[in-house]
Each structure stands twice: as C-alpha cells, then as structure tokens.
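Welcome, and please take a look at the structure shown here. The briefing below will walk you through it topic by topic.

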Amino acid sequence: MTSTIPASLTRTAEGAALQAVLLDMDGTLVDTEGFWWQAEVEVFAELGHRLDEAWKDVVVGGPMTRSAGYLMEATGADITLDELTVLLNDRFEKCIGQGVSLMPGAARLLEELGRHRIPTALVSASHRRIIDRVLESVGSHHFALTVAGDEVTRTKPHPEPYLTAAKGFGADPRLCAVVEDTATGVAAAEAAGCRVVAVPSVSPIAPATGRVVVSSLEEVDLAFLRGLITGMN
C-alpha cells in the first residue's frame with residue numbers, strides 16, 4: 001500500500017456521513033479489461049494454446065493468481081504460476097504502452113472528489129507495477145492512498161483490500177462508498193461492509209441490499225455517493 005494522506009485530508013472526513021470513496025481501477029476507472037484479455041490471449045498463443053472466449057467472463061476482474069491459475073488449468077499449459085504472472089504483466093504493460101482511456105464519467109468524478117477534498121483511494125487486484133503504470137494516464141494526484149493486489153495477503157474477493165484502504169484513512173468501512181465493475185470486486189467490498197456502486201463492464205451484476213447498479217460512471221457524483229451512506233437502513 002502506498003499513501004500520501006495529509007492530516008487535513010483525513011480531518012475532512014471527520015463528522016461527515018461519507019468518510020471515504022474507494023475506487024477499483026480496471027474496467028471501473030480505466031478501459032483496460034480488454035487489454036488484460038488481449039495479453040492473456042497473446043501469451044497463451046505463444047505457449048501453444050487458444051483461449052476460449054467464454055473464459056473471459058470467468059477471469060475478468062479477478063486477481064492475477066486466480067485468473068492465471070484458471071487459464072493454466074483450462075489449457076494445461078506447461079508453465080508455473082510465477083512464470084506466467086511475469087509474462088502476463090509484461091505483455092499487459094506493452095499493450096498499454098501508449099496510455100489508457102478513462103471510462104466515461106471517471107475524469108469528472110475524480111475532479112469532483114478532489115475539489116471537495118473527499119479521501120479517495122484506488123483499490124485494485126492488479127500488481128503495484130501495473131497500478132503505477134496506469135496512474136501515469138489517470139493521475140496519481142487523485143488518490144491519497146493506493147492498494148495493490150500484491151501488497152495484501154488475500155486479494156479480491158476477500159475483503160482485505162477494502163479493509164486495508166478504510167484503515168489507511170481511519171474510516172469506518174460502513175461509511176465508505178466503493179465503486180466496482182465486477183462481481184469479484186463487489187463481493188470484496190460488501191464483505192468489508194462497504195456500500196457499493198456497481199458499474200458492470202463485462203458481466204451483469206444484479207442489484208442487492210446495500211448495492212446500487214448503474215450503467216455508467218456518468219450517473220455517479222458526490223451527492224449520489226453521499227446518498228448511499230445517508231440512505232442506509
């Protein structure tokens with residue numbers, strides 16, 4: 001986890017209903033899910049295996065160990081998990097070499113959160129090297145704290161990443177709003193006790209108690225996120 005949390009920023013959250021906003025990265029803020037699949041297809045092709053398009057829904061949004069492990073088992077590829085992880089991260093970095101595009105509404109939301117000094121964290125299953133590369137396009141100044149998948153003991157769908165981010169802000173997870181695009185990420189946030197906005201990027205996500213599903217970040221603003229907390233039963 002990396003953090004640059006000024007004392008004034010954490011004080012801003014005190015006494016407020018919404019204490020922090022915790023954002024997923026791939027598929028939520030940046031349009032990278034397709035790049036991950038491209039990297040997986042290319043790497044496995046070089047290993048002599050063709051990936052079934054149906055597997056995309058299985059691996060999307062998952063931590064590297066789960067996604068890579070699933071594809072290894074499905075294809076029978078003769079490679080270790082550690083070796084495959086390096087190849088996939090290398091190929092993904094190559095795929096995003098010219099930068100990545102923000103999802104519709106992401107830039108406006110990040111600017112609004114910053115303008116109102118809302119403690120904001122990036123919480124991703126991607127490894128630190130990938131997060132830092134993507135932040136070159138997104139802007140690291142938007143986040144007082146970032147949590148990478150290889151910096152926690154158990155990554156999504158385990159709640160540890162979101163609990164780690166909330167703890168970093170000294171916030172109550174129940175008063176944190178999370179924005180996620182996959183069922184894996186939603187499960188992690190809800191297990192941590194957070195309120196969730198789901199913005200499905202690849203596979204559908206059903207509404208549920210404590211969870212709102214929208215079609216785009218263009219539907220999400222600070223008032224919307226505050227409403228998630230003040231509207232709790």
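What follows is a short tour of the cores, ring pairs, helices and backbone of this structure.

This is a predicted model, in which local features need pLDDT of at least 70 and side-chain atom pairs count only at pLDDT 80 or more, while totals for chains, interfaces and linings use all residues. Residues are numbered from 1 along each chain as its sequence is written, and side-chain values use heavy atoms, with hydrogens and water left out.

**Nonpolar cores**

- The largest nonpolar core has 51 residues, and Val134 and Leu225 have the most contacts inside it.
- At least two residues of this core come from each of strand E2 (20–23), helix H2 (33–46), helix H4 (64–75), helix H5 (81–95), helix H6 (106–115), helix H7 (128–138), strand E5 (176–180) and helix H10 (222–230).
- Another core, of 23 residues, lies apart from it, and its members include Val123, Phe169, Val186 and Ile205.
- A nonpolar core here is a set of buried Ala, Val, Leu, Ile, Met, Phe, Trp, Tyr and Cys residues joined through side-chain atoms within 4.5 Å.
- Buried means under 20% relative accessible area, exposed means over 50%, and partly exposed is in between (1.4 Å probe, protein chains only).
- Helices (H or I, at least four residues) and strands (E, at least two) are DSSP runs, numbered from the N terminus.
- With neighbours within four places in sequence left aside, Val134 is in contact (heavy atoms within 4.5 Å) with Met25, Val30, Phe92, Ile96 and Val100.

**Aromatic pairs**

- How many aromatic pairs does a search of the whole structure find? There are 2.
- Rings of Phe, Tyr and Trp (its six-membered ring) pair if their centres lie within 6.5 Å; planes under 30 degrees apart count as stacked, over 60 as edge-to-face and the rest as tilted.
- Trp36 and Phe92 make a stacked pair, 3.8 Å centre to centre with 5 degrees between the planes.
- Because Trp36 lies in helix H2 and Phe92 in helix H5, this pair ties together parts that are 56 residues apart in sequence.
- Both Trp36 and Phe92 are buried.
- Trp55 and Tyr70 make an edge-to-face pair, 6.4 Å centre to centre with 85 degrees between the planes.
- Trp55 lies in the loop between H2 and helix H3 (56–59) and Tyr70 in helix H4, so their pair ties together parts that are 15 residues apart in sequence.
- Trp55 counts as buried at 18% relative accessibility, whereas Tyr70 counts as partly exposed at 31%.

**Helices H5 and H7**

- H5 and H7 pack at an angle of about 5 degrees, and their axes are 10 Å apart.
- Axes are lines fitted to C-alpha atoms, for helices over the stretch in contact, and angles run from 0 to 180 degrees between N-to-C directions.
- That makes H5 roughly parallel to H7 (angles under 35 degrees count as roughly parallel, over 145 as roughly antiparallel, 65 to 115 as roughly perpendicular and the rest as oblique).
- H5 brings Val86, Asn89, Asp90, Phe92 and Glu93 to the contact, and H7 brings Arg129, Ile130, Arg133 and Val134.

**Buried places in other helices**

- Glu40 is found in helix H2 and is buried, with a relative accessible area of 6%.
- Leaving aside residues within four places in sequence, Glu40 is in contact with Leu51, Val59, Ser67, Leu71 and Leu88.
- In helix H9 (residues 183–191), the residues Thr184, Gly185, Val186, Ala188 and Ala189 are buried.
- The buried residues of H9 pack against H4, helix H8 (160–169), E5, strand E6 (195–198) and strand E7 (211–213).

**Backbone details**

- Most residues other than glycine have a negative phi, and most peptide bonds are trans.
- The peptide bond from Lys156 to Pro157 is cis, with omega near 15 degrees, and Pro157 is in the loop between strand E4 (145–147) and H8.
- Arg117 is not a glycine, yet has a positive phi of about 55 degrees.
- Arg117 lies in the loop between H6 and strand E3 (120–123) and is partly exposed, with a relative accessible area of 39%.
- Gly193 follows H9 and has a positive phi, near 95 degrees.
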